[in-house]
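This report goes through one predicted structure from local surroundings to chain contacts and charged pairs. The sequence and model come first, and the text follows.

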Amino acid sequence: MPVPDHPAVAAYLARFDAASAPLPAARRRALRENLVGHLTEAVPPGADRRTVRAALKRLGPPEEMVRAEQREAPPAAKRTAPVRRSVDHEERAVQLLTLGSIVPVVGWLVGAVLLWRSQHFTVREKIAGTLLVPFGPFGALYLGMGAAWLTSSTCRDTISIDSTGASTVVSDCPTGTDWTGIIAIVAVVVALVVPFVVGSVLMTRVRKRLGVPDRRPRRSSSPPQWAQTHHH
Amino acid sequence: MLTQLRRGVLEYCVLALLRERPHYGFDLVRRLGEADGLLTSEGTIYPLLSRLRKDGLVTTTWQESDSGPPRRYYDLTDPGRAALAAFADDWRTFSASVNRLLDPLPPSDLSRSAP
């Protein structure tokens, strides 16, 4: 979720980060997600300073939000069901939809169930994940192999035996450009690539939404965002 | 005193708003803000919404938005509906009793009788 680009908003979020340090990491992340979502609505792009200040004033001090959180969810183990805010579940879903499809149908099916059970994907994303990754890339590979076998089996061998008893084998294969084969190869390549692209887009979106950083190491020489300090 | 009272009724006001239709967080905040004196800091609504979800009184779904990133929508569950109905009954009785005690004295009389 994009954070409104304004120094006052950045300062407010930094203040929230400091105030929310005592909270469990999952609660901090969830609250920050709420906060960023709220500010995205309250501070339209290009908003002037007065609008931003008014929105932040209405929101109240971040410390008050943290106090409200501590009041609503005391640290005592009264509530038994922990709230999950990582993207492990979503990662598993996408992995099964793509790589898990090496186990025909079953792997993909489990991934699809996990996808629909997730609370962090929108309905549109779930539909995209299901329809654009039908049976996963390996499903496409198996289909392609089946199509190749069918194409190769279109050659018909005829054995003729002449009067001396010698046999001749004549192969009758279709000649000319085999467009069906080319289209099948292109379709298989697309079907192999698209699921990984869709899976990557889905994970990027859900990570942004929950404020969970990508695990992949970055080559950038600049320090990560969480290590950067703001000087005023 | 008013702070405690506000805190106590706010969650039911949220449930009452959700009775009409699902709302996203910012929309709920805006609606609550229209009611005078109900919401002092908008930010405090989010911990409350989180608790209502954990208690099973509301459920949430992400929905695409035409004007920006996806929004988390809150909807009333059956237990939430039952809790709201029970509170509405209690509140009517409670507020009627308090009003009966307060009604004979207008605010000016109250201040005059103070020592």
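Ala19(A) is found in helix α1 (residues 7-19) of chain A; helices (H or I, at least four residues) and strands (E, at least two) are DSSP runs numbered from the N terminus. Residues up to four places away in sequence aside, Ala19(A) touches Glu63(A) and Val66(A), where contact means heavy atoms within 4.5 Å.

The model is predicted: local features need pLDDT of at least 70, side-chain atom pairs count only at pLDDT 80 or more, and totals for chains, interfaces and linings use all residues. Residues are numbered from 1 along each chain as its sequence is written, chains are lettered from A and ligands numbered from 1 in the order in which they are written, and side-chain values use heavy atoms, with hydrogens and water left out.

**Chain A**

The secondary structure of chain A consists of nine helices and two strands. Read from the N terminus, the order of its elements is α-α-α-α-α-α-α-α-β-β-α. Chain A has 232 residues, of which 34% are buried; buried means under 20% relative accessible area, exposed over 50%, and partly exposed in between (1.4 Å probe, protein chains only). Among contacts in chain A with a separation of 6 or more, 65% join residues 24 or more positions apart. Its accessible surface is about 14800 Å², and carbon and sulfur atoms account for 64% of that. These areas come from the Shrake-Rupley method with a 1.4 Å probe; for residues, only the protein chains shown count as cover.

**Nonpolar cores**

A nonpolar core is a set of buried Ala, Val, Leu, Ile, Met, Phe, Trp, Tyr and Cys residues joined through side-chain atoms within 4.5 Å. The largest one has 45 residues, and those with the most contacts inside it are Val14(B), Leu32(B), Ile45(B) and Tyr46(B). A second, separate core has 14 residues, including Val94(A), Leu114(A), Phe121(A) and Leu210(A). Apart from neighbours within four places in sequence, Tyr46(B) is in contact with Leu31(A), Asn34(A), His38(A) and Met65(A), and also with Gly25(B), Phe26(B) and Val29(B).

**The contact between chains A and B**

Chain A gives 33 residues to the contact and chain B gives 25 residues. Together the two chains bury about 2700 Å², 52% of it on carbon and sulfur atoms; buried area is the accessible area (1.4 Å probe) that two parts lose on being put together, summed over both. In chain A, the residues that lose the most area to chain B are His38(A), Glu41(A) and Glu72(A), together 21% of what that side buries.

Eleven residue pairs are in polar contact between chain A and chain B, both residues being at pLDDT 80 or more. On the side of chain A that touches chain B, the elements giving two or more residues are α2 (25-42), α3 (49-59), α4 (62-72), α7 and α9 (179-210). The largest share of that side, eight residues, comes from α2(A).

Thr122(A) sits in the loop between α6 (106-117) and α7 (123-131) of chain A. Thr122(A) counts as buried because its relative accessibility is 0%. Its side chain makes a polar contact of 2.8 Å with that of Glu64(B). A polar contact is a pair of N or O atoms within 3.5 Å; within protein, one must be able to donate a hydrogen and the other to accept it, and residues adjacent in sequence count only if both atoms are side-chain atoms. Beyond four places in sequence, Thr122(A) touches Arg209(A), Trp62(B), Gln63(B), Glu64(B) and Pro70(B).

**Salt bridges**

The structure holds 16 salt bridges over all chains, and the count between chain A and chain B is five. A salt bridge is a side-chain nitrogen of Lys or Arg within 4 Å of a carboxyl oxygen of Asp or Glu.

| Pair | N to O distance |
|---|---|
| Arg51(B) and Glu72(A) | 2.6 Å |
| Arg27(A) and Glu69(A) | 2.7 Å |
| Glu64(B) and Arg205(A) | 3.1 Å |
| Glu20(B) and Arg31(B) | 3.5 Å |

Glu72(A), Glu11(B), Arg51(B) and Asp55(B) are linked in a network of salt bridges. Arg27(A) and Glu69(A) form a salt bridge. Arg27(A) lies in helix α2 and Glu69(A) in helix α4 of chain A, so the pair ties together parts that are 42 residues apart in sequence. Both Arg27(A) and Glu69(A) are buried.
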